[in-house]
Amino acid sequence: MTLDRPEFYRFHNGEKAPLPFATEEYETRLAGLRAIMAEAGLSACVLTSMHNIAYYSGFLYCAFGRPYACVVTPETSVTISAGIDAGQPWRRCHGDNITYTDWQRDNYWRAIRSVTGEGGAIGYEGDHLTLLQAEKLAAFLKPARKADIAPATMRQRMHKSPAEIALIRAGAAVADVGGFAIRDAVAVGKREIDVAMAGRDAMEAEIAARFPDAEYRDTWVWFQSGLNTDGAHNPVTGRVLERGDILSLNTFPMISGYYTALERTLFVAEVDAASLAYWEANVGAHELGISLIRPGVSCAEITAGVNAFFAERDLLQYRSFGYGHSFGVLSHYYGREAGLELREDIDTVLEPGMVISMEPMITIPDGAPGAGGYREHDILVVTEDGAENITKYPYGPAFNVVG
């Protein structure tokens, strides 16, 4: 039944769509990857993660249980997509595209092999390729040698181009729009989900206005109240807001795979003295952290400075995660530029063109005076002589006791 059906084919249906960046941007990125390949002596790279495929080709896939790839050689760049997507991957990628079919298992690897051949030196993403797919890579491509190129690609993504910074700057502005919409929606008796939807809808409309040629997906809001503020990534619930509640505002616009964020502490109508003291302490840590971000300083040094601030106030034990991270092609379910995070064990030195957040958080346990999670979050672009804060929504008690 399957012998006369294709294993893969090219379905170049329609014309190329406008991509998030110009052709020259993708060619520059691919040149960087090919330099990585040349240094490692690789004949091809098989990229499988959403973030690297999007970074080098512009195509952001929807897996739904199917594998995808971008295969890069010294001469070509080819996305590999499933037949269920028809011509959309071709229209939304830089370079060539091959569609694999479901007529038999592993046509995905047969399509990849048509680009790489057998017996080459193959680069792969060790932090993404599963054990099962790694076995299939070995069986179908029969590589003479393999090398994990994920760390090198991460380092390349950590340094943003002017075009990327412009997109991230727009994303930060969209996050602010969502923040103001949430602030306006807060009221006693509202549910978390009602407030969250107001922020999300405002951001979706703003993204569509700013980027009329984009695909729209994945923008979301976490809006938490009361006990639900204790974790930074707690999902939205149907809890009804009460007077005096602590709130966490978290807006996350997604523009063509690029993630930005705004996070703020708020209170409903009033804030008690114990809560205000913790809130102001976290704001102080936030402001100190922002002042420490500049070229030539390591992530560990910045972390140590904020740690010392909290330790002096006997608050360090309430911290639950690092103080910031890189921005770019990433989301809550794909991507991470772990080499640029504000943690004790990251010695990366900040350089111009990097983009990083400052987001201290402390959590006071339930039942204690001032219980709840306190968090502020700004995005900063590292410049030649300092850092530019591109987040504009105000933080602190003067603006964020609302409703």
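The model is a predicted one, in which local features need pLDDT of at least 70 and side-chain atom pairs count only at pLDDT 80 or more, while totals for chains, interfaces and linings use all residues. Residues are numbered from 1 along each chain as its sequence is written, and side-chain values use heavy atoms, with hydrogens and water left out.

**Around His51**

His51 belongs to helix 2 (residues 50–57); helices here are DSSP runs of H or I with at least four residues, strands are E runs of at least two, and both are numbered from the N terminus. With a relative accessibility of 9%, His51 counts as buried (buried is under 20% relative accessible area, exposed over 50%, partly exposed in between, with a 1.4 Å probe and protein chains only). Setting aside neighbours within four places in sequence, His51 is in contact (heavy atoms within 4.5 Å) with Glu125, Arg157, Val329, Tyr334 and Gly335.

**Ser81 and the sheet**

Ser81 is part of strand 4 (residues 77–82), and at 0% relative accessibility it counts as buried. Its side chain makes a polar contact of 3.1 Å with that of Asn97. Such a contact is a pair of N or O atoms within 3.5 Å; within protein, one must be able to donate a hydrogen and the other to accept it, and residues adjacent in sequence count only if both atoms are side-chain atoms. Beyond four places in sequence, the residues that Ser81 touches include Asn97, Tyr68 and Pro89.

An open sheet of 7 strands runs in the order 1-5-4-3-2-6-7, with mixed pairing; two strands pair if DSSP finds at least two bridges between them. Strand 1 (8–9) and strand 7 (145–148) are at the edges with a single partner strand each, so one side of each has no neighbour in the sheet. Strand 1 pairs with strand 5 (residues 96–100) in the antiparallel sense over 2 bridges, and Thr99 of strand 5 is the bridge partner of Tyr9.

**Cavities and pockets**

Now for the spaces. On a 1 Å grid over the protein atoms alone, a cavity is a set of points where a 1.4 Å probe fits but cannot get out, and a pocket is an open set with protein on both sides within 12 Å along at least five of seven lines; lining residues have an atom within 4 Å of a point. Grid points are joined across faces, edges and corners, and a volume is the space filled by probe spheres set on the points. The structure has 3 cavities of 30 Å³ or more.

| Space | Volume |
|---|---|
| Largest cavity | about 110 Å³ |
| Second largest cavity | about 50 Å³ |
| Largest pocket | about 440 Å³ |
| Second largest pocket | about 340 Å³ |

Among the residues lining the largest cavity are Pro18, Arg92 and Glu215. The lining of the second largest cavity includes Phe21, Tyr55 and Val329.

The largest pocket has 23 lining residues, with His233, Tyr259, His325, Arg336 and Glu359 nearest its centre. For the second largest pocket there are 20, and Thr48, Ser49, Tyr61, His128 and Leu129 lie nearest the centre. Helix 2 returns here: helix 2 and helix 4 (107–116) each supply at least two residues of the lining of the second largest pocket.
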